[in-house]
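Reader: I have a model open and would like to learn how to read it. Please take the features one by one, with the general idea before the case.

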Amino acid sequence: MLSYSVYKLIHFIGILMVFLAYGGLIVRSIYAPSDAQLRRLGAITSGIGLVLILLGGFGLQARLGIGWPGWFVTKFLIWVVLGGLIVLINRKPQMSQYLWWGTLVLGALASMLAVVKPF
Ligand code: HEM
């Protein structure tokens, strides 16, 4: 088993990958809707990122020995929604404004939950 710090690093690298890729994919859906290569790059980067976020998240949970507090379950649900967003990002360029800010709000919420642990 890896250390708390290494799981956190994995968690953060995953986060960077998802948010970098989603930004690129949102722009692509508007300016390069026929660019399949860019779409593939975004799908691979965000896909690996989502796996790393989850791996890091459950590793951190195990290291902390916290079980399933409300904030942790909520973060998991945010992760599910975040992963599903790629479908809208790729297919609904007319929603890009909402997807751009919505993705950021979801990320901020997930970060806040880990820091504040309100429930
Ligand atoms: C969806 C995107 C996510 C973002 C942006 C995010 C963000 C963060 C951040 C910024 C921290 C560091 C908090 C700190 O050092 O005080 C953190 C820690 C943590 N995250 Fe996430 N997270 C996400 C998803 C998840 C998921 C899906 C899980 C669970 C499967 C999870 C579980 C945890 C745990 C257990 C910690 C450690 C909290 C602690 O050290 O007290 N996170 N996350």
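Reader: What share of the contacts in the protein chain with a separation of 6 or more comes from residues 24 or more positions apart?

Author: Two residues are in contact if their C-beta atoms, placed from the backbone, lie within 7 Å. In the protein chain, residues 24 or more positions apart make up 81% of the contacts with a separation of 6 or more. This is a predicted model: local features need pLDDT of at least 70, side-chain atom pairs count only at pLDDT 80 or more, and totals for chains, interfaces and linings use all residues. Residues are numbered from 1 along each chain as its sequence is written.

Reader: How many helices and strands does the protein chain have?

Author: Helices (H or I, at least four residues) and strands (E, at least two) are DSSP runs, numbered from the N terminus. The protein chain has four helices and zero strands, in the order α-α-α-α from the N terminus on. Its radius of gyration is 15 Å, close to the 14 Å that the globule rule gives for 119 residues, so the protein chain is as compact as a globular protein of that length. The radius is taken over C-alpha atoms, and the rule is 2.2 Å times the number of residues to the power 0.38. Along the principal axes, the C-alpha trace spans about 45 × 30 × 15 Å.

Reader: How do I read the packing of H1 and H4, and at what angle do they pack?

Author: Two packed helices are described by the angle between their axes and the distance between the axes. Axes are lines fitted to C-alpha atoms, for helices over the stretch in contact, and angles run from 0 to 180 degrees between N-to-C directions. For H1 and H4 the angle is about 175 degrees, and the axes are 10 Å apart. That makes H1 roughly antiparallel to H4; angles under 35 degrees count as roughly parallel, over 145 as roughly antiparallel, 65 to 115 as roughly perpendicular and the rest as oblique.

Reader: Which residues meet there?

Author: From H1 come Phe19, Tyr22, Ile26, Ser29 and Ile30, which meet Ser96, Leu99, Trp100, Thr103 and Gly107 of H4. By class, this contact has six nonpolar, four polar and no charged residues. Ala, Val, Leu, Ile, Met, Phe, Trp, Tyr, Cys and Pro count as nonpolar, Asp, Glu, Lys and Arg as charged, and the others, Gly among them, as polar.

Reader: Is Ser46 buried or exposed?

Author: A residue is buried if 20 or more other C-beta atoms lie within 10 Å of its own, exposed if 12 or fewer, and partly exposed in between, with C-beta atoms placed from the backbone. Ser46, in helix H2, is buried, because 24 other C-beta atoms lie within 10 Å. Not counting residues up to four places away in sequence, Ser46 touches Met17, Val18, Ala21, Tyr22 and Ile86. Leu64 also lies in helix H2, but counts as exposed with 12 C-beta neighbours inside 10 Å. Of the 119 residues of the protein chain, 21% count as buried.

Reader: Which residues are closest to the ligand?

Author: A residue is near a molecule if its C-beta atom, placed from the backbone, lies within 6 Å of it. The ligand is surrounded by 20 residues, and the closest are Gly57, Leu60, Trp79, Ala110 and Ala114. H2 gives the most to this shell, with seven residues. The shell divides into 14 nonpolar, five polar and one charged.
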